Amino acid sequence: MPVFRLDQRLLFPPPHLAENGLLAVGGDLAPERLLLAYAMGIFPWYEEGEPILWHSPDPRMVLPAAELHVARRLERTLRRGTFRVTFDTAFGRVIDVCAAAARPGQQGTWITGEMRRAYKRLHRRGYAHSAEAWRDDRLVGGLYGVSLGGAFFGESMFTREPDASKVAFVTLVRQLLEWRITLVDCQVASPHLARFGAREWPRERFLAALGEALEQPTSRGSWSPPAAAEP
């Protein structure tokens, strides 16, 4: 199957036409295009110096929020309150640290400057969110992603202390469930996320579940108290 080249028109080819996960190249990272992409089960993933690459992998790594699994040792860490978890109080810092974090087997980062600016714009519009783990006043872990309807699309996470990002992730997923955001998209297979109960679904099943999740209205805006929000 071909890889489609995008132009300035706000559209994507059907996700099932992706070849080995890669669907299209080009376009831009304007908020409207990003939101359309996520609503169709598509996301950008490319490295510095490459054109924008749009993906819809098959299978898709998914965590139903109600099926979150938490190991007993991590549950004890949560109960002890080792880390304080907040939402949307340091979105810019979280994405910048994610971009700078060293990852095994990777050279450089796929969270380019262009990507960081794009997701910060989405955050200002109330669609992109972060969860932060703090020890005292130090940011020691966190993650960010995009929320639409009853779905949360996880993008990246980082940790500076053992279990910090895990605590942020578990706290976020439990809160999402309370908010009736029940579908957590983890994009591609990861042993780390599999330990939390995430598993691979055929793309067709994921897209069907996404369609149902998007029937729920999107709750836009900051997930933090106004006084705590980042300027």
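Biologist: In which helix does Ala208 lie?

Modeller: In this predicted model, Ala208 belongs to helix α7, which covers residues 203-213.

Biologist: Why is Ala208 called partly exposed?

Modeller: The relative accessible area of Ala208 is 46%. Buried would require under 20% and exposed over 50%, so Ala208, with its 46%, is classed as partly exposed. As for its place in the fold, the C-alpha atoms of Ala208 and Phe87 are separated by 29 Å, and the two residues are 121 apart along the chain.

Biologist: What makes Pro51 partly exposed, and where is this residue found?

Modeller: Pro51 is found in the loop between β3 (43-44) and β4. Its relative accessible area is 46%, and therefore Pro51 is partly exposed.

Biologist: Which residues does Pro51 touch, not counting residues up to four places away in sequence?

Modeller: Pro51 touches Val25 and Tyr46.

Biologist: Why does Asn20 count as exposed?

Modeller: Exposed means over 50% relative accessible area. Asn20 has 81% relative accessibility and therefore counts as exposed. Asn20 sits in the loop between β1 (4-6) and β2 (22-26).

Biologist: How do you know that the peptide bond between Asp58 and Pro59 is cis?

Modeller: Omega is about 10° for the bond that joins Asp58 and Pro59, and this bond is cis. Most peptide bonds are trans. Pro59 is in the loop between β4 (53-55) and β5 (60-64).

Biologist: How does the span of helix α5 compare with the one expected at 1.5 Å a residue?

Modeller: Helix α5 (residues 164-178) has 15 residues and reaches 22 Å from its first C-alpha to its last, close to the expected 21 Å.

Biologist: Which residues of α5 are buried, and which residue with positive phi follows the helix?

Modeller: The buried residues of α5 include Ala164, Val167, Ala168, Val170, Leu172 and Leu176. An α-helix has 3.6 residues a turn, so residues three or four places apart point the same way. After α5 comes Arg180, with a positive phi near 65°.

Biologist: How do you know that the radius of gyration agrees with a compact globule?

Modeller: For 231 residues, a compact globule would have a radius of gyration near 17 Å; the chain has 17 Å, so the two agree. The C-alpha atoms fill a box of roughly 50 × 40 × 35 Å along the principal axes.

Biologist: What does the chain as a whole contain, and how much of it is buried?

Modeller: The chain has 7 helices and 11 strands, and buried residues make up 52% of its 231 residues. Of the contacts between residues at least 6 apart in sequence, 71% join residues at least 24 apart. The chain exposes about 11300 Å², with 52% of that area supplied by carbon and sulfur atoms.

Biologist: How many positive and negative side chains are there, and how far apart do their centres lie?

Modeller: There are 29 positive and 26 negative side chains, and the centres of the two sets lie 5 Å apart.

Methods:
Residues numbered from 1 in each chain as written. Predicted model: local features only at pLDDT ≥ 70, side-chain atom pairs only at ≥ 80, totals over all residues. Heavy atoms only, no water. Helix = DSSP H or I, 4+ residues; strand = E, 2+ residues; numbered from the N terminus. Rg over C-alpha atoms; globule rule 2.2 N^0.38 Å. Buried < 20%, exposed > 50% of the residue type's maximum accessible area, 1.4 Å probe, protein only. Contact = heavy atoms within 4.5 Å. Areas by Shrake-Rupley, 256 points an atom, 1.4 Å probe, with all protein chains shown as cover. Lys, Arg positive; Asp, Glu negative; His and termini not counted. Charge placed at Lys NZ, Arg CZ, Asp CG, Glu CD. Expected span 1.5 Å × (residues − 1).
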